[in-house]
Amino acid sequence: LTERFELFVNCHEVCNAYTELNDPVVQRERFKDQLKDVAAGDDEAMQVDETFCKALEYGLPPTGGWGLGVDRMAMLLSDSQNIKEVLLFPAMKPEETGPVPAKAAADLTPWESHKRAMTAASKEGEEKGKEIAGLAKLGGMKFFCTQIETAEGDLELLEHAMKAMNLKENPGDKEKKEESTDIGKMIFSAGEDCLSIVTYVPKDQVEEVDAMEWTSEVLRTLEVPVEFMQGVPKPFYATAIVPKDMSAKRLPVKMKDVAHQSAMKYLIDKG
C-alpha cells in the first residue's frame with residue numbers, strides 16, 4: 001500500500017480508501033527487504049513473489065480500493081450516536097474459560113461497587129480522549145461532543161471520565177498518549193433517573209466558547225430551567241443534572257439525543 005485516506009462525516013469514519021503499489025522495480029526491492037526479516041525469524045514476512053512482479057512488469061494500471069462501513073453509514077442516516085444502535089446482530093461475549101472472579105457484582109460492598117464503576121468510567125473516558133485527540137489531528141477540531149455509557153447518568157462518574165479524558169501524558173510512560181486537554185468537550189450520560197452533562201473548555205478558548213453559555217443553551221433546548229446546572233458553573237467548566245419527568249415526557253435516553261444535537265448546533269452556529 002502506498003497511499004491511504006479516510007472519509008469522516010460528522011466525526012464518524014465512513015470510508016477507508018487506499019491505492020496499490022504498481023511499480024515492479026520498487027515492489028521487487030521491498031520483497032528483498034522482507035527476506036532480511038525472514039532470516040531474522042519473522043514468520044509473517046513474505047518471500048519474493050516473482051510471478052507477481054512479472055505481472056506488474058506487463059503493466060498494472062493505477063489501482064485502488066475503498067471499504068464502506070455499512071453500519072457507520074446507517075449511523076449517519078439514522079442520526080445515531082452509538083454503533084450498537086444500528087447493529088442487527090450485536091457481538092456475543094466469549095465464553096469465560098478463565099478463573100471465576102473472587103466476587104460477583106451482587107456480592108460487592110457499596111464501596112467496592114463504586115470503585116469498580118469509577119474505574120470503568122475512567123477507562124472509557126481515557127479511550128474517548130484518545131479518539132478525540134486523533135480526530136482533532138485529522139481535522140483541526142477544537143470542540144467535541146460525545147457520551148460516556150459506563151457513567152449511567154451518575155454525575156460524579158461522568159466528571160471522573162472527563163478528568164481521565166483530560167489527563168496529561170506522564171513523562172515516564174513508555175507508550176505515547178494522545179492528549180485531548182486542549183479540546184473543548186461536552187459529554188453526556190443517560191441513566192434510569194436522569195441525564196448528566198459535563199462541559200469543559202480550555203481556559204484559553206473561553207472567549208470563543210463559554211462553558212456556561214454552551215450548557216445553558218442545551219438546557220434551553222431541553223426546555224428545563226438553567227438552575228439544573230450544579231455547583232458554581234464557570235466559563236471553563238459546568239455541570240448539569242436533568243431529572244426524568246414522565247409527565248413532561250422527559251426520558252433520559254431521548255433527552256441525551258436532543259442534548260447532543262443541541263450542543264452540536266451551538267458549535268455550528270458559533271462557526
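**Close-up 1. E57 and K54 make a salt bridge, their nearest N and O atoms 3.8 Å apart.** A salt bridge here is a side-chain nitrogen of Lys or Arg within 4 Å of a carboxyl oxygen of Asp or Glu. This is a predicted model, so local features need pLDDT of at least 70 and side-chain atom pairs count only at pLDDT 80 or more, while totals for chains, interfaces and linings use all residues. Residues are numbered from 1 along each chain as its sequence is written, and side-chain values use heavy atoms, with hydrogens and water left out. Both E57 and K54 belong to helix 2 (residues 50–58), three residues apart, or about one turn of the helix. Helices (H or I, at least four residues) and strands (E, at least two) are DSSP runs, numbered from the N terminus. E57 is partly exposed at 41% relative accessible area, and K54 is partly exposed at 45%. For these labels, buried is under 20% relative accessible area, exposed is over 50%, and partly exposed is in between (1.4 Å probe, protein chains only).

**Close-up 2. E213 and K270 meet in a salt bridge, 3.3 Å from N to O.** This one ties distant parts of the chain together: E213 sits in helix 6 and K270 in helix 7, 57 residues apart. E213 is partly exposed at 40%, and K270 is partly exposed at 42%. Elsewhere, salt bridges with shared partners join R28, E50, K54 and E57 into one network. The whole structure has eleven salt bridges.

**Close-up 3. F143, W214 and Y266 form one aromatic cluster.** The structure holds two aromatic pairs. Rings of Phe, Tyr and Trp (its six-membered ring) pair if their centres lie within 6.5 Å; planes under 30 degrees apart are stacked, over 60 edge-to-face, and the rest tilted. F143 and W214 have ring centres 6.1 Å apart and planes at 90 degrees, so they're edge-to-face. Then W214 and Y266, with centres 6.2 Å apart and planes at 15 degrees, count as stacked. Here W214 in helix 6 reaches Y266 in helix 7 (residues 252–270), 52 residues apart. W214 is buried at 0%, and Y266 is buried at 9%.

**Close-up 4. Five strands make an open sheet in the order 4-5-6-8-7, with mixed pairing.** Strands pair if DSSP finds at least two bridges between them. Strand 4 and strand 7 (229–234) are the edges, each pairing on one side only. Strand 4 runs parallel to strand 5 (residues 184–190), with five bridges between them. At the other end, strand 7 and strand 8 are antiparallel, joined by three bridges, and a hairpin of two residues connects them. K234 stands opposite Y237 in strand 8.

**Close-up 5. T146 sits in strand 4.** T146 is buried at 11% relative accessibility, and it stands opposite I187 in strand 5. Setting aside neighbours within four places in sequence, T146 contacts several residues, including K128, M165, F188 and H260; contact means heavy atoms within 4.5 Å. The C-alpha atoms of T146 and F188 are 6.5 Å apart, though 42 residues separate the two along the chain.
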